[in-house]
Amino acid sequence: MTNSLKILFISAEAAPFAKTGGLGDVAGSLPKALRALGHDVRVVMPAYLPIERGVEGVTPMPHTLRVPTGSGLIEAGVFQGRLPDSDVPVYFIAERNLFARPQTYGYGDDPYRFAFFSRAALALTLALAWRPDLVHAHDWHAAPAVTWLATAGQRHPAFQKMASVFTIHNLAHQGKTSWDIFDYLQLCTHSLREEGYGEVNFMARGIFHATLVNTVSPTYAREIMTSDGGAGLDGLLRHRQGDLFGILNGLDTAVWNPETDTRLAQTYGVGQMDGRAANRRALQEKAGLPLRDDIPLVAMISRLDWQKGMDITGHVVHLLMNGYAGEAQFIALGTGAAQYERMFAHLASQHPQKMTAFLAYNAGLAPLIYAGSDLFLMPSLFEPCGLGQMIAMRYGSVPVVRATGGLADTVQDGITGFTFHNYATEDFWQALQRAIYIFNVDKDSWRQIQGNGMIRDFSWRRSALGYQQLYEWAAARMSYEQ
Ligand code: ADP
């Protein structure tokens, strides 16, 4: 039996209070799964504008934090709420000048905003008289907490030997700033090889100072140790490779469940697949395509971004629509870079009887596409974890993916989907052709692959068990060090 741990999640976002990407999903879901394992998890995040304006269930606390900084003691208020459908507390650090702004990120003083937030998050534990066994910091915004704990914090009785886990969600955003930030944080440290003269790189700092480090899939953890995938930090990551882990994100299986999803034309499940046909028809009607069930319906739902493999997608859709793999339909849902929107619009205009491109963000349409399509394309150039392929599998749309990052860890070639390795049109096209061939001529195998994907365990509980193990290792390391 595992001991119950006290864990402080420090994150710039947590859904539903703030979400710009996967980080928000993780910080909004993982704590609940850890709570279900018996841990005392609490989340701290900044009080952005909506919180200051008032959100149901979020109330001010009596505490005033006096946060020590190089600019003197700065006061901050605290709001408290809970993650929906749970008893996981969420604390919001309120400092209007820094956080009550329309956007979550994108300001020139972001390094100071999040340095303050990180330091205030630690001060909060003193105000609450609640000493976490471990701090779980997410992405560069929370890295100052890790750095402070490993340096100045070691002289502070309340923080000595407090373990930290640092999770990399997106290595592309590193939080680079100038050395002055260490005066602000009141700590003394040496520079890292990854930092230029006078520069501080918070992502690098989190990786360097945390007790243990992880990212959101095992394959991505390996890829970021290479010069191709390391965004300049591969050397540092290799230096810490013994302490670097990969844990797949989960899926909110209460929301993404074809047996109960009210957004569908008809619900269905592994044992009763008939319902899929109704979704297919509803989707074809919505897309203005002929109601055919004898040809493969291929789909894609994605941000239209180079990371998502859009360059090789254009060629493959061109081949598909010109009949090189037999008859097929194609539906795309996505927004993003103008060049890729134009690409899909152009292809759709060439093949109006076979293809529709919805160039929008449409959360209501996405479930119908997952439920009504046969194949789901995700040829990403890189993919830390990826959610789309997991949803597709759960809904019985067989994924065709590039075997990178979390895609490599979730889709098994010929078992739950189809994969290719080289980032090249030919390889993508071959994988899609293989998939279409099986769809057309080997229905038994097709149903097997579909069913295998639908019963895979993508629950947050599975992720939480991985994190629990990591926390135990981190806490144990701190107790025998020094
Ligand atoms: P990323 O977070 O890098 O965009 P993921 O695969 O992890 O990629 O998550 C993407 C999520 O966003 C999926 O749930 C997908 O269904 C959804 N999504 C992406 N684009 C759209 C869109 N245009 N409309 C509706 N949902 C979308």
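# Briefing: ligand site, cavities and local features

A polar side-chain atom of Tyr370 lies 2.6 Å from an oxygen atom of the ligand. The model is a predicted one.

**Around the ligand**

- The shell around the ligand has 16 residues, and those that come nearest are Arg303, Lys308, Ala360, Tyr370 and Leu387.
- By class, this shell is made up of 9 nonpolar, 5 polar and 2 charged residues.
- Leu387 uses its backbone: an N or O atom there is 2.9 Å from an oxygen atom of the ligand.
- At Asn362, a backbone N or O atom lies 3.0 Å from a nitrogen atom of the ligand.
- Taken on its own, the ligand has 560 Å² of accessible area, and the protein covers 83% of that area.

- The structure contains 1 cavity of 30 Å³ or more.
- The space in the largest cavity is about 30 Å³.
- Its lining consists of Leu248, Asn249, Gly250, Met390, Phe458, Ser459, Arg462 and Ser463.
- These lining residues divide into 3 nonpolar, 4 polar and 1 charged.
- Ser463, one of the lining residues, belongs to helix H18, which spans residues 460-480.
- The relative accessible area of Ser463 is 3%; the limit for buried is under 20%, so Ser463 counts as buried.
- The side chain of Ser463 also reaches the backbone oxygen of Leu248, at 2.7 Å, and Leu248 is itself among the residues that line the cavity.

**The second largest pocket**

- About 440 Å³ of space lies in this pocket.
- It is lined by 17 residues, of which Met273, Arg276, Asp374, Arg447 and Gln450 are the closest to its centre.
- Helix H10 (275-287) and helix H17 (443-454) each give at least two residues to the lining.
- H17 provides the largest share of the lining of the second largest pocket, with 6 residues.
- The lining of this pocket has 6 nonpolar, 3 polar and 8 charged residues.

**Helix H7**

- Helix H7 covers residues 202-209, and it is largely enclosed by the rest of the structure because 7 of its 8 residues are buried.
- The buried residues are Phe202, Met203, Ala204, Arg205, Gly206, Ile207 and His209.
- At the start of H7, a side-chain oxygen of Asn201 comes to within 3.1 Å of the backbone nitrogen of Met203.

**Backbone details**

- Most residues other than glycine have a negative phi, and most peptide bonds are trans.
- The peptide bond from Ala15 to Pro16 is cis, and its omega is near 5 degrees.
- Pro16 sits in the loop between strand E1 (6-10) and helix H1 (22-36).
- Asp85 is not a glycine, yet its phi is positive, at about 55 degrees.
- The position of Asp85 is in the loop between strand E4 (72-82) and strand E5 (89-94).
- Asp139, also a residue other than glycine, has a positive phi near 55 degrees.
- Asp139 is part of helix H5, residues 139-150.

Definitions and conventions: Residues are numbered from 1 along each chain as its sequence is written. This is a predicted model: local features need pLDDT of at least 70, side-chain atom pairs count only at pLDDT 80 or more; totals for chains, interfaces and linings use all residues. Side-chain values use heavy atoms; hydrogens and water are left out. A residue is near a molecule or strand if one of its heavy atoms lies within 4 Å of it. A polar contact is a pair of N or O atoms within 3.5 Å; within protein, one must be able to donate a hydrogen and the other to accept it, and residues adjacent in sequence count only if both atoms are side-chain atoms. Accessible areas come from the Shrake-Rupley method with a 1.4 Å probe; for residues, only the protein chains shown count as cover. Ala, Val, Leu, Ile, Met, Phe, Trp, Tyr, Cys and Pro count as nonpolar, Asp, Glu, Lys and Arg as charged, and the others, Gly among them, as polar. On a 1 Å grid over the protein atoms alone, a cavity is a set of points where a 1.4 Å probe fits but cannot get out, and a pocket is an open set with protein on both sides within 12 Å along at least five of seven lines; lining residues have an atom within 4 Å of a point. Grid points are joined across faces, edges and corners, and a volume is the space filled by probe spheres set on the points. Helices (H or I, at least four residues) and strands (E, at least two) are DSSP runs, numbered from the N terminus. Buried means under 20% relative accessible area, exposed over 50%, partly exposed in between (1.4 Å probe, protein chains only).
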